[in-house]
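Please keep the structure in view while reading.

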Amino acid sequence: MIERDKPWRGIMVATALPMREDLSVDLDAYGEHCRWLVDNGCDGVVPNGSLGEYQTLTEQERISVMETAVQAVGGQNVMAGAGAYGSGESRRWAERARDAGCGSILLLPPNAYRADERAVIEHYREVAEAGVPIVAYNNPYDTKVDLTPALLAKLYEEGLVVGVKEFTGDPRRAYEIAELAPGLDVLIGSDDALLELALAGAVGWIAGYPNALPVSNAALYHAALAHDLETALPLYRKLHPLLRWDARTEFVQAIKLSMEIVGRPAGPCRAPRLPLTDEMAAAVRAATEKALAEGLR
């Protein structure tokens, strides 16, 4: 594996987690999937994120998923999800990631309640004690806690975070973050804002749809970062009917269905996620099959 000075940069795939029909975790399939992603143009993986259904895993399952990812692609190429209800629990997940050799962790702000700025800063201070680079995850739609550019600047100035997964879909934030916190890495957090955030200065992508189509998405990412619009824009238009599913509530089911269509089945989702409605499934299927017909892989 290629060593990177800042292992949270590049295409870090928030991995879908293969499940058997009895809803047990298929670790062999997961390890193979991680290797396949890296072999097809991605830089690393993010286990135990929302796309990996971490909220439904037992403690041992979550540990095994992280360890499988490390064994498959090397610890420096793993950004382990450390989300938890309590700051102490998130710190313990960060310590496990550190001990496993992970290059970074992905950390939500407190989300059991609508935390204020003081609580957010203390949360990141607590987890930073583990000593592993932290990428903050800003998803105010789900957490009801907004890591504003001004708050991110405070976290960065204190040395608590190295980057942010920016999921608001608002590319204007990238410019304000660059003004208030030069040096803080902005990572694309929602697939359907990839081009806009790449042009605004993003240096990485915590990605969803490369789970199904890694080669074409990698080509899009690199063209976008190079500001090669002649290459990037046509690819973006072709992929966007799929990429926009990453910002929908049913993103896990949609990506797993696309994986099945391209020949990389990942099985069902655990409750409370239900299968897609017939209408949703038809839309995902049509968009995926159209992408394949256009030669996207």
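Axes are lines fitted to C-alpha atoms, for helices over the stretch in contact, and the angles between them run from 0 to 180 degrees between N-to-C directions. The model discussed here is predicted.

Q: At roughly what angle do the axes of helix 4 and helix 6 cross?
A: Two packed helices are described by the angle between their axes and the distance between the axes. Helix 4 covers residues 117-128 and helix 6 covers residues 149-157. Their axes come within 11 Å, and the crossing angle is roughly 35°.

Q: Is the crossing of helix 4 and helix 6 left-handed or right-handed?
A: A crossing counts as right-handed if the near helix is turned clockwise from the far one by less than a right angle, and as left-handed if anticlockwise. The way in which helix 4 passes helix 6 is right-handed.

Q: How many residues of the contact of helix 4 with helix 6 are nonpolar?
A: From helix 4, the contact involves Glu-117, Val-120, Ile-121 and Tyr-124, while helix 6 contributes Leu-151, Lys-154 and Leu-155. Of these residues, 2 are charged and none is polar, and the number of nonpolar ones is 5.

Q: What span is expected for helix 2 at 1.5 Å a residue?
A: Helix 2 has 15 residues, 59-73. The expected span is 1.5 Å times one less than the number of residues. From its first C-alpha to its last, helix 2 reaches 22 Å, which is close to the expected 21 Å.

Q: Which residue follows helix 2?
A: Among the buried residues of helix 2 are Ile-63, Val-70 and Val-73. The buried residues of this helix pack against helix 1, strand 2, strand 3 and helix 3. After helix 2 comes a residue with a positive phi near 90°, namely Gly-74.

Q: Which strands are the edge strands of the sheet?
A: The open sheet holds 8 strands, paired in parallel in the order 2-1-8-7-6-5-4-3. An edge strand pairs on one side only, and this applies to strand 2 and strand 3.

Q: Which residue in strand 8 is the bridge partner of Met-12?
A: Strand 1 and strand 8 pair in the parallel sense over 4 bridges. Within this pairing, the partner of Met-12 in strand 8 is Ile-206.

Terms used. Residues are numbered from 1 along each chain as its sequence is written. This is a predicted model: local features need pLDDT of at least 70, side-chain atom pairs count only at pLDDT 80 or more; totals for chains, interfaces and linings use all residues. Side-chain values use heavy atoms; hydrogens and water are left out. Helices (H or I, at least four residues) and strands (E, at least two) are DSSP runs, numbered from the N terminus. Contact means heavy atoms within 4.5 Å. Ala, Val, Leu, Ile, Met, Phe, Trp, Tyr, Cys and Pro count as nonpolar, Asp, Glu, Lys and Arg as charged, and the others, Gly among them, as polar. Buried means under 20% relative accessible area, exposed over 50%, partly exposed in between (1.4 Å probe, protein chains only). Two strands pair if DSSP finds at least two bridges between them.
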